[in-house]
Amino acid sequence: MALGNGTTENLTAQVAVVGGGPAGLIAAIALKSAGVDVLLIAPTPEESHRTTALLAGSVTALTTLGVWEACTPHAARLAAIRIIDDTRRLLRAPEVHFNATEIGLDAFGYNIENRHLVAALTAHAEHLNIARRTDMALAITSDAASVTIKFAHGAARVRLVVGADGAHSLCRKAAGIGSDRRAYPQTALTLNLAHVRPHDDTSTEFHTERGPFTLVPLPGQRSSLVCVLDAPSAAALAAMSDADLSAEIERRAHSLLGKMTVEPGRGVFPLAIETAHSFARARIALIGEAAHVVPPIGAQGLNLGLRDAATLAELVADAHRQNADVGSPALLARYEAMRRADTVSRRIAVDLLNRSLLTDFLPVHGLRGLSLYLVDRIGPLRRTLMREGVMPATSQPRLMRGEMV
Ligand SMILES: Cc1cc2nc3c(=O)[nH]c(=O)nc-3n(C[C@H](O)[C@H](O)[C@H](O)COP(=O)(O)OP(=O)(O)OC[C@H]3O[C@@H](n4cnc5c(N)ncnc54)[C@H](O)[C@@H]3O)c2cc1C
């Protein structure tokens, strides 16, 4: 059976991307830019004031795709990262500073509100005339040659589905892929705020016994906050008046940025870690949170998701150029092999760091303190860690290197 691009009878498009979050939009843009016939299935997402710290490779990818220029007015440079042990434990870690210039970068990345990122991506998708359905995919079934997606009205048939439909992925279920999921006893409270002292392009992470309390620069004298707590404490903070909450956050930040004023919009996110058993099966490839969820520590979640999108787009674009099947088992196996190590290593690192904060086991506190001490003192180790955090050596798809897919 010939399944190359020439065999297009009854196909709606070669590829359908299910989900219009940032990962899905970037995948659709990368595919269309490479000349792949793509259908985006994406109800308009809810506007979110939550922010994303996009690391250098992700910013390069967005620049290469022509999206970053529209983001720059809303994005703040992350030139330095400061980690402060704010636990009251016997063995505490030293304060550690990382500067992007140490690894020859102007910035580790940029922080941007998701609503501005999604707006820039949506505008670019429209500019590229990407076909879009704004209704939900209700059912997905694969056979040897194609995948059929059913809607309340009508259906679409494609060679490959890109499952970018988030943590509760229908695509993952349709592919028969299970996942390892563990809920943490933690909830993240998110909001943006103004402050009277400048942040100096520095992100500050206070490590507390309940999880990190992280202030990340936004343009001007503003920052975003991700405050990780137990669920009742997060709910109690979220219910406070603006004035009380502003004062409480300033207290927790040790007045580092002076008086604070919270902006409208608060989010509460119970935390979990989850990895799909496989990233691709039965002509369905998973990207972003459909494939993996990590807690918001070290800004890894969407950066991983963008590397998924860039890697998959590269493989599909190559198959398209060779007139080969864009959903073949060989292509899906290659995608799985290229994404597994990056995803698993980040999962382990984030999970270990988070659990080292939560445990009451003294030797673990000592080990965490010693690790940070060594990172602070040993230059090559610092630089390797910084480079690996921003641009992992094992996963550099073309878009992250500034080349088109
Ligand atoms: C508090 C917090 C802070 C974070 N900070 C960072 C950070 O600084 N840096 C970072 O890299 N990551 C961060 N993350 C992680 C990041 O936000 C996620 O990785 C990212 O939003 C996931 O994007 P996505 O496109 O995969 O999924 P989503 O944004 O969840 O998008 C999925 C989309 O699919 C749609 N969908 C679902 N089902 C269907 C269907 N059946 N048909 C059609 N559409 C469907 C949904 O409506 C949704 O729009 C953070 C996460 C949290 C909770």
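How many bridges join strand β2 (residues 38–41) to β8? In this predicted model, local features require pLDDT of at least 70 and side-chain atom pairs count only at pLDDT 80 or more, whereas totals for chains, interfaces and linings use all residues. Residues are numbered from 1 along each chain as its sequence is written. Helices (H or I, at least four residues) and strands (E, at least two) are DSSP runs numbered from the N terminus, and two strands are taken to pair if DSSP finds at least two bridges between them.

β2 and β8 run parallel and are joined by three bridges. Within this pairing, A131 of β8 is the bridge partner of L39. Both strands belong to an open sheet of six strands with mixed pairing, ordered β8-β2-β1-β12-β19-β18. Because β8 (131–133) and β18 (280–281) each have a single partner strand, they stand at the edges, and one side of each is left without a neighbour in the sheet.

Strand β16 (residues 222–229) takes part in two antiparallel pairings. Eight bridges connect β16 with β13 (residues 179–195) in the antiparallel sense, and T190 stands opposite V226 of β16. Pairing of β16 with β15 (residues 211–218) is likewise antiparallel, over six bridges; here T214 stands opposite V226. β15 and β16 form a hairpin with three residues between them, and G220 in the turn adopts a positive phi of about 80°. β16 is mostly covered, with seven of its eight residues buried (20 or more other C-beta atoms within 10 Å of the residue's own, C-beta atoms being placed from the backbone; 12 or fewer is exposed, and in between is partly exposed).
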